[in-house]
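Dear colleague,

Please find below the structure that I am handing over to you, with its sequence. My notes on what was found in it follow directly after.

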Amino acid sequence: MAIIPGMTDLTRPYWEAAREGRLVVQQCPACGRSWHPPLPACPHCHRAGPGWREVAGTGTVYTYTVVRHPTHVALADAIPYVIAIVELTEGPRVVTGITGCDVGDVRAGMPVRVTFSAVTGEVTLPYFEPVA
Amino acid sequence: MIRREVAIAGIGQTAYGKALPGTAWDLAIEAILAALADAGLEPADVDGMCRFAPPFEPVSEPMLVRALGIPELRFFAESPLGGEALGAVIAHAAAAVMTGLARVVVVYRALSQSTGGRFGRADRGGPSGAAVSDPQADVVVAEEDNRSFAWPYGLMSPGQLFALWARRYAIVNGLTDEDLTRALGSIAITQRAYANANPSALMRDRTMTWEDYRAARMISEPLRLFDLCLENDGACAYVITSAAMARSLRADPVHVLSATQTISPYREPMGIYVTGELLELFPPATADRLFADAGVTRSDIDVAQFYDATSYMPLRSLESYGFVADGQAWRYVTEAGTGPDSPLPVNTHGGHLSEAYLHGMNGVLEAVRQLRGTAVNQVRGASVALVGAPAGSATILAR
């Protein structure tokens, strides 16, 4: 049992890229700015139909929490786990999980890089792990 | 501006409990009848209603007009976004009365968390409360307000969300874990002591020491069990009329001085993608407007009821509403505190942490009791009160 994202036309490119091992965010073809999560139009210059750019997949931990009580039966075996907000090198922030270290070793500002976890045949979630 | 044009003429509530008999519909009816009786009014006098929008408020206007025999509502409005509706419902009720769209507006909130969705139960399908019929089946999170980007990582509850906020507060202000524990614990323990004197409080008979607080299990670090609000059943209601009508109904109406609602990018519940610092619980410009519209200053506020899904929220509210300088509330709550003898008593009923969770509505009722002089933890001479939720939703009330 896994908790997986439902997809819309707006969000599908993000998850399809993740399945191919790429982390992407939206980018405005007119003004060049990037943001996340996806929007139907650029929030800065209002141009419709934003494109997507691949990002480096690096960033730092902006804030985090170690969850020790599950809020869903599907998460009961995942306890304890880390929810983090990672600030990407390119600027936008993503909600993610931290893997590849003890839950007690996560620190604010810690450099991290993306790692991809296939949850089902269809869905891959980007997680982040400490840069060695 | 609302400034004293309308008033709260009556308040009502049910008992609060972990599993009350009756549905949310039953509870809403009981609270509304109590509020009308408190105001000296009958259901037939009601011509307006304001409520929290579904799915938060499960009891609809058609259900209530049928059950209460209200001949006709000519104004009814719903405010979205959960706790962020707290100031909005009073603003809408005031606007309706001031424009003549309605004369007697009932505002209500009924919860039956024992039968509906709860955040704290790990044996069911998360905040939706849905029973899990097939434990092998994947859960597909429908995209709505970016939740499909959060739930797959196990970010589903306000408690987890405000754990992320609280951690960021500690990072930005250079707090150690012990500094943060002492600040959050000060809030939780102070509110518990208030609740111990409150016959309505779920935690009336359960005292809490520092040892109790520290020994409680971590739910979502840095938040422990007693940093999180209760989950329960119950209902609250109040009646808004013109100030003139309220004064004809009772000797001690509570006047509405101001009320605000706002929405900005990513300020909705669980909206975590703000591009600035993850610290702005209440927009400073809206706080300034709240006080300016009311015609009072911060030093005029005698008592505050801050929305507290977690203990972090009253802490940061002291800063966000401008009572304490940014980055200083963690020290302030451990030194001056928020108790009966502090400069600004906060959540004098025990709040969501220790009285009951009623989406902030029980804080409105407590503010009214404080201004009538009938609160169990009465602040002597209280004449102006603030009730504050996150994201620009708040009200200032006065005798």
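Pro55(B) lies in the loop between strand 2 (48-52) and helix 2 (61-68) of chain B; helices (H or I, at least four residues) and strands (E, at least two) are DSSP runs, numbered from the N terminus. The peptide bond that leads from Pro54(B) to Pro55(B) is cis, with omega near 10°. In chain A, the bond from His36(A) to Pro37(A) is also cis, with omega near 0°. Pro37(A) is found in the loop between strand 3 (34-35) and strand 4 (51-54) of chain A.

As to conventions, this is a predicted model, in which local features need pLDDT of at least 70 and side-chain atom pairs count only at pLDDT 80 or more, while totals for chains, interfaces and linings use all residues. Residues are numbered from 1 along each chain as its sequence is written, chains are lettered from A and ligands numbered from 1 in the order in which they are written, and side-chain values use heavy atoms, with hydrogens and water left out.

Two backbone angles deserve mention. Most residues other than glycine have a negative phi, and most peptide bonds are trans. Phi of Leu81(B), however, is near 85°, and this residue lies in the loop between strand 3 (75-79) and helix 3 (86-98) of chain B. Leu81(B) is partly exposed, with a relative accessible area of 23% (buried means under 20%, exposed over 50%, partly exposed in between, with a 1.4 Å probe and protein chains only). Asn347(B) likewise has a positive phi, of about 55°, and is placed in the loop between helix 10 (329-335) and helix 11 (351-354) of chain B. Asn347(B) is buried, at a relative accessible area of 0%.

Leaving aside neighbours within four places in sequence, Ile396(B) is in contact (heavy atoms within 4.5 Å) with residues including His255(B), Leu290(B), Phe291(B) and Val384(B).

Finally, a search of the whole structure finds 0 disulfides over all chains, a disulfide being a pair of cysteine sulfur atoms within 2.5 Å. The sulfur of Cys229(B) is 14 Å from the closest cysteine sulfur, in Cys236(B), and is therefore too far for a bond. Cys229(B) is partly exposed, with a relative accessible area of 23%.

With kind regards
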